[in-house]
Structures are given as structure tokens and as C-alpha cells.
Amino acid sequence: MPRPTIAHVDLDALRHNYRLARERAGDASAMAVIKADGYGHGIRAVARALAADVSCFAVACLEEAQAIRDEGLNQTVVLLQGMHSEADVATCACLGVEVVVHSDYQLQWVIDSPDRPTLWIKVNSGMNRLGFRPSELAGVMARADQGGCRPKGFLTHFASADEPESPVTEAQTRVFNEAVAPWPDLLRSVGNSAAHFRPGQPLFHWSRPGIMLYGASPLGDRDSNVLGLKPVMTLASELIAVRTLQPGDSVGYGQTWTADRPTPMGIVAIGYGDGYPRHAGTDTPAWVNGQRIRLIGRVSMDMLAVDLSAAPAAQPGDKVELWGANVLIDEVARHAGTIGYELLTGVTARVPRRYRG
Ligand SMILES: *Cc1c(COP(=O)(O)O)cnc(C)c1O
């Protein structure tokens, strides 16, 4: 028997979320960001499932672009981090992958190459991670032109779109808009998932939703269900042991939790070796037999302990949801001091992905 620890992936929910992104993008088109193995859901299955709705995918690296082509899909693919070596230029051109150029050395590779992938120019509007400063753009565009390259558009990325009160996104939008104004006929792309939920936020020609497609909240102050998103992944396992702890009994490594009354307790076959966060401590919610239960003690590599006081009839073999429709990944992330992104991309290869829809 295979281990009962499974990441169920609901492809109908994925399509629902993409359509919501498209709706919220208004006049902009939405490129589906499926980097990091489709945020842990399996890039090939995600690309296939979205293929009928999506005309452009965005990925971080060439291996991900290759995976899309290996599926026989010929949508536009944008390589968000651009090329990592000179040899990548020819590969991108051959695969028909559009590349984001964020540094001079990348532009030089393209200029020096007989193969010419389509280019996007990354503008640093204030995140200060990647991209050319607005004052450098005229020079970059002149060099591209002299080298025979005609970029397709400009991109920028927001640092704080997830914080509704922050003035940073508005400032970045203004900086970007002014920086690219001299090239009005080129395309513009801004907007991670969070930007889709900012009233009045311009998204120009192409927005770039990622996390929202998978049904996790991009916002710090609102959970996914409030935003109309449907969870795509249900991380599930089973109880493999139950016992009653007596007052004074502790459970797990370090004995960090001790019963103060007789407590029905279960062991679930999932741990940090599966990508369940070790920092999710006592009181992190889980779900069994229609009841909300809570973790107790430390998460181990292959298992964790739950307090079954709310579901005292639970037995070995009963299904446990670690996150999904009943326990939002946003809640688990809060308990673990992280974000849904890290949890989704952290589900390890040991956990089979099972698809429906
Ligand atoms: C990952 C990424 C996105 C998607 O961000 P989400 O917050 O997941 O929506 C958009 N643009 C760029 C450049 C990215 O790297």
C-alpha cells in the first residue's frame, strides 16, 4: 500500500481562479505564472489544465519553459529571470520563449547572438531586486536598437502590493509609467496577484497573477475565501495511531506539549519531510471527520500529533486534511510564521500529486 499522504490538486478550482484573475485584470490580459513547478502543483498538469484559457505563461527558468513545450503547448512563454548563460539565448529563440532582460550582460548576449528571442526590458521602479533604473532606460534602448533588437515591452514588479495601506505601489506605478513613456507603442506589464485586488490599480497590457491561481491569498490581511478564490491543493493524510494521553503525558520531540487532562490523541502520517512546516506548532488547525482539530507538540519528519478532543471517535485510517477547503493554507502559514507560497512550493517530491477536474 502506498503511503496515504497525498496532495490532491483540483484543476477546476485552478481554472476558476485564473478566470477570476482575468476578470480582475479588466482591460489587461493575464499571463499565468506557473514557475516553481506550478507553485508546487506540477507545472505540466497546471499548464495543460490552463491551456484552453491562457495565451501566455510566465516561468522563472528555462527548464520550466522546456516543460511547457514538452507538453506540446505553444502558448507564449515569458522567462521572468531571463537567461542564465549565453547558450540560453539560442535555446530561448529555438523554443520561442520571450526573455526578460534585467541586466546589461544579458542584453549583450542577445546582441552578440545570431538568434534573437523576443525581449522584454525589466524596469527597476523601486523594488531594487532586478532591472534597469529609469535613468538607464534610454541608453539600454539605444544599445538594443543599435544591436538590431526591438524589445516587445517593459515589465516591473511591485514590492508591497500585498499591503493595502502602503503608498509604495502607487509610487512604483508612477515611476514605471513615467520611465516608459518615451516608448508608447511598447507593451507594459505590472501586477502580481496582490495588485489584482487593489482598487484602481492600473495593470496596463499584461498582469502576472501567480499565487492567486492556486487559491492562496496574496494579501496579508485577507484570506483566500474572502477574495473568491478556491483552494487548488488539498494536502491530506491519515491517522495511523490513536491513544489517550493521561495528565502529565507529553508528546513528541522535546516534550513541548503536556496533557493536563485525559486527551485523545492521534498521529498523522505527514511531517516536514513532506513539506509540512516544522514551525507549525501547537494549535495549528487540521481537519478530521468534519471537525476542526489542532496540532500538539513538534512536527516530526514523517509524522505529527493532533489533539482529537473535538473528534474523539476518530480511528486509524481516518482522513486528515492539513490544508484545503476546510483549513485554509493561509491559516497554516500564519501559524508557521510564513506565507502560502512557501508552503505550496515546499511540498516535497515524496508526496504524490493526484489530479481531478
Ligand atoms: C512570481 C512573480 C509573479 C507572480 O507573483 P504572485 O505574487 O505569485 O502573484 C509576478 N511577476 C514576477 C516578476 C514574478 O517573479
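The backbone nitrogen of D12 lies 3.0 Å from a polar atom in the side chain of D10. D10 belongs to strand β1, which covers residues 6-10. Its relative accessibility is 18%, and the cut-off for buried is under 20%, so D10 counts as buried. The model is a predicted one, and each distance here is computed from it.

Step back to the whole chain. The protein has 357 residues, and buried residues make up 54% of them. It contains ten helices and 19 strands. Its C-alpha trace spans about 80 × 45 × 35 Å along the principal axes.

Now turn to the ligand. Where does the ligand sit? It sits in the largest pocket. The residues around it come from several stretches of the sequence. V33, K35, Y39 and L80 are among them. H157, N192 and S193 also belong to this shell. By class, the shell holds six nonpolar residues, four polar ones and two charged ones.

The side chain of S193 places an N or O atom 2.6 Å from an oxygen atom of the ligand. R208 also uses its side chain: a polar atom there lies 2.9 Å from a ligand nitrogen. I211 uses its backbone instead, with an N or O atom 2.8 Å from a ligand oxygen. On its own, the ligand has 390 Å² of accessible area, and the protein covers 91% of that.

One member of the shell, Y39, deserves a look at its backbone. Y39 is part of helix α2, residues 35-39. Its phi is near 50 degrees, a positive value in a residue other than glycine. Is Y39 buried or exposed? Its relative accessible area is 6%, so Y39 is buried.

The angle is about 45 degrees, although Q255 is not a glycine. Q255 lies in a loop, between β12 (250-251) and β13 (257-258). Its relative accessibility is 56%, and exposed means over 50%, so Q255 counts as exposed. The two residues can be set side by side: Y39 is in a helix, while Q255 is in a loop. Y39 is buried, whereas Q255 is exposed.

Next, follow the chain to G191. This glycine is in the loop between β9 (187-189) and β10 (206-207). Its relative accessibility is 1%, so G191 counts as buried. How far apart are G191 and G210, in sequence and in space? They are separated by 19 residues in sequence and by 9.8 Å in space, C-alpha to C-alpha.

The last stop is H102. It occupies the loop between β6 (97-101) and α6 (104-112). What does its side chain contact? The H102 side chain makes a polar contact with the side chain of S103, at 2.8 Å. At 8% relative accessibility, H102 counts as buried. Like G191, then, H102 is a loop residue that counts as buried.

Terms used
Residues are numbered from 1 along each chain as its sequence is written. This is a predicted model: local features need pLDDT of at least 70, side-chain atom pairs count only at pLDDT 80 or more; totals for chains, interfaces and linings use all residues. Side-chain values use heavy atoms; hydrogens and water are left out. A residue is near a molecule or strand if one of its heavy atoms lies within 4 Å of it. A polar contact is a pair of N or O atoms within 3.5 Å; within protein, one must be able to donate a hydrogen and the other to accept it, and residues adjacent in sequence count only if both atoms are side-chain atoms. Accessible areas come from the Shrake-Rupley method with a 1.4 Å probe; for residues, only the protein chains shown count as cover. On a 1 Å grid over the protein atoms alone, a cavity is a set of points where a 1.4 Å probe fits but cannot get out, and a pocket is an open set with protein on both sides within 12 Å along at least five of seven lines; lining residues have an atom within 4 Å of a point. A molecule sits in a cavity or pocket if more than half of its atoms lie within 2 Å of its grid points. Ala, Val, Leu, Ile, Met, Phe, Trp, Tyr, Cys and Pro count as nonpolar, Asp, Glu, Lys and Arg as charged, and the others, Gly among them, as polar. Helices (H or I, at least four residues) and strands (E, at least two) are DSSP runs, numbered from the N terminus. Buried means under 20% relative accessible area, exposed over 50%, partly exposed in between (1.4 Å probe, protein chains only).
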